[in-house]
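Subject: Handing over the structure

Hi,

Here is the structure I promised to pass on.

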Amino acid sequence: SDFVEMFVGVGASRVRDMFEQAKRSAPCIIFIDEIDAVGRSRGAGLGGGNDEREQTLNQLLVEMDGFEANEGIIIMAATNRPDVLDPALLRPGRFDRQVTVGNPDIIGREKILRVHMRNVPLAKDVETKTIARGTPGFSGADLANLVNEAALLAARRGKRVVAMAEFEDAKDKVLMGPERRSMVMSEKEKELTAWHEAGHAIVAMKVPSADPVHKATIIPRGRALGMVMQLPEDDKLSMSKVEMTSRLAIIMGGRVAEELKFGLDNVTAGAASDIQQATRLARAMVTRWGYSDIIGPVDYGSDQGDVFLGQQLMQSSHISEETSRKIEEEVRKLIEQGKVDARRIMTESRADWEAVALGLLEYETLSGEEIANLIKGTPPSRPDSSEDDAGPSSSVPVIGKRKRPGIDPSPNPA
């Protein structure tokens with residue numbers, strides 16, 4: 001029977017042992033990380049009931065319910081999935097309080113960055129406030145990763161200190177994926193990508209309400225061939241309707257650009273992720289935020305229950321076919337309206353859009369400031385890279401010589 005004990009029933013007995021130990025050394029704190037591993041809702045019988053995990057959870061509930069003298073023991077637990085916890089765990093007398101730890105705001109991010117930068121030699125131009133402003137929505141772990149990436153980049157470039165340029169490049173890498181310099185894009189692809197991204201950028205600059213354009217690039221990163229990045233001025237907690245409709249126009253700007261420049265027959269599949277984003281946003285506007293008059297302020301978005309907890313079985317039938325059809329129609333209307341807005345802006349600002357597209361073709365990456373100057377007619381100044389050419393600006397180390405002959409990895413102004 002000892003042999004069986006090793007595999008079965010260990011969870012529940014471990015919980016018992018833990019509380020025994022805690023009682024002996026009271027007053028003390030028990031901290032359980034990732035409580036959802038044992039505290040997940042007990043199932044509807046679909047995944048098989050009375051399994052090992054349920055016994056462990058039952059034992060935990062018994063130990064916590066306060067019948068025994070557990071004075072002097074405080075129990076804390078952490079999870080990323082409070083929604084899947086068993087309701088019995090969250091009743092008063094067990095876990096009385098829930099403390100929600102959100103992502104840090106700009107002040108929090110600055111302080112977290114300072115902590116992670118303590119052991120990194122920084123250049124004089126590094127401003128933590130600026131980096132904090134440019135990283136909305138980053139968690140503590142994301143910021144630690146950012147500092148780490150910047151330090152690695154500086155090391156690869158043979159620098160003794162980490163400068164703002166490294167933080168900027170590291171932020172791009174964390175947000176958009178690593179540059180794929182090795183991927184050779186044909187001239188045609190490059191031209192298409194440039195016009196597509198210029199479309200996003202110009203619409204973003206002209207819609208009623210949008211975050212400022214931070215940079216546009218046609219260097220492939222991650223799974224994208226190019227990207228336009230916007231950064232909010234300050235942390236946003238919610239979006240208004242005008243911001244959402246503007247966002248739809250920006251998202252559709254790429255596809256509209258391809259249509260206007262290359263004709264309907266030559267539109268590529270490059271807009272797949274744009275269409276996905278637009279659909280997700282429009283669907284949420286209709287089903288969750290009540291922005292459609294025909295559907296009204298009713299929540300039709302919450303039918304994503306967990307199938308193993310038997311939640312979906314009860315919920316999935318509460319939208320009638322007729323409503324479903326109306327929702328689809330309204331979602332389509334919103335996205336079509338986004339296309340119409342994008343087309344109007346691009347027709348009105350054709351010259352600006354062309355300037356940005358040609359600028360992207362020539363310089364590959366443009367900052368928001370450079371785009372604004374390009375539209376005014378001032379091309380960006382790109383001094384050749386100083387200090388005995390610091391090797392490739394890619395984040396992938398080149399093995400062997402500092403520079404391979406025949407391949408110039410840096411953007412090449414004509």
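Below is what I found when going through it.

**The overall picture**

First of all, keep in mind that this is a predicted model. The protein has 414 residues, and 39% of them count as buried. Its secondary structure comes to 16 helices and five strands. Taking the contacts with a separation of 6 or more, 70% come from residues 24 or more positions apart.

As for confidence, the average pLDDT of the protein is 83, and 83% of the residues score at least 70.

**Two helix pairs**

I'd begin with α2 and α4. Helix α2 covers residues 10-24 and helix α4 covers residues 52-64; their axes come within 7 Å and cross at roughly 25 degrees. Angles under 35 degrees count as roughly parallel, so α2 is roughly parallel to α4. The crossing of this pair is right-handed.

Which residues in α2 and α4 meet? On the α2 side they are V10, G11, A12, V15, R16, F19 and K23, and on the α4 side E52, Q55, T56, Q59, L60, E63 and M64. By type, the residues of this contact divide into six nonpolar, four polar and four charged.

Leaving out residues up to four places away in sequence, T56 touches G11, A12, V15 and V38. G11, A12 and V15 belong to the α2 side of the helix contact.

The other pair is α9 and α14. Helix α9 spans residues 187-206, and its axis comes within 8 Å of the axis of α14, with a crossing of roughly 135 degrees. That angle makes α9 oblique to α14. Here, too, the crossing is right-handed.

From α9, the residues in the contact are K190, E191, A194, W195, E197, A198, G199, I202 and K206. They meet D352, W353, E354, V356, A357, L360 and L361 in α14. This contact divides into nine nonpolar residues, one polar and six charged.

Where does P27 sit? You'll find P27 in the loop between α2 and β1, the strand at 28-32. The peptide bond from A26 to P27 is cis, with omega near -5 degrees.

Next, E34 has a positive phi of about 50 degrees, although it is not a glycine. E34 lies in the loop between β1 and α3, which runs over 36-39. Its relative accessibility is 42%, so E34 counts as partly exposed.

E364 also isn't a glycine, and its phi is positive at about 70 degrees. The loop that holds E364 is the one between α14 (350-363) and β5 (365-367). Is E364 buried or exposed? With a relative accessible area of 14%, E364 is buried.

**Two loop residues**

T100 is in the loop between β2 (73-77) and α5 (106-117). At 76% relative accessibility, T100 counts as exposed. T100 and N80 are 20 residues apart along the chain, and their C-alpha atoms are separated by 9.8 Å.

L231 is in another loop, between β4 (227-230) and α10 (241-262). L231 is buried, because its relative accessible area is 8%. What does L231 touch, not counting residues up to four places away in sequence? The list is G134, P136, K171, D211, P212 and H214. Take G134 from that list: L231 and G134 are 97 residues apart in sequence, yet C-alpha to C-alpha they are 6.4 Å apart in space.

That's what I have for you.

Cheers

Methods: Residues are numbered from 1 along each chain as its sequence is written. This is a predicted model: local features need pLDDT of at least 70, side-chain atom pairs count only at pLDDT 80 or more; totals for chains, interfaces and linings use all residues. Side-chain values use heavy atoms; hydrogens and water are left out. Axes are lines fitted to C-alpha atoms, for helices over the stretch in contact, and angles run from 0 to 180 degrees between N-to-C directions. Helices (H or I, at least four residues) and strands (E, at least two) are DSSP runs, numbered from the N terminus. Angles under 35 degrees count as roughly parallel, over 145 as roughly antiparallel, 65 to 115 as roughly perpendicular and the rest as oblique. A crossing is left-handed if the near helix is turned anticlockwise from the far one by less than a right angle, and right-handed if clockwise. Contact means heavy atoms within 4.5 Å. Ala, Val, Leu, Ile, Met, Phe, Trp, Tyr, Cys and Pro count as nonpolar, Asp, Glu, Lys and Arg as charged, and the others, Gly among them, as polar. pLDDT is the predictor's confidence in each residue, from 0 to 100. Buried means under 20% relative accessible area, exposed over 50%, partly exposed in between (1.4 Å probe, protein chains only).
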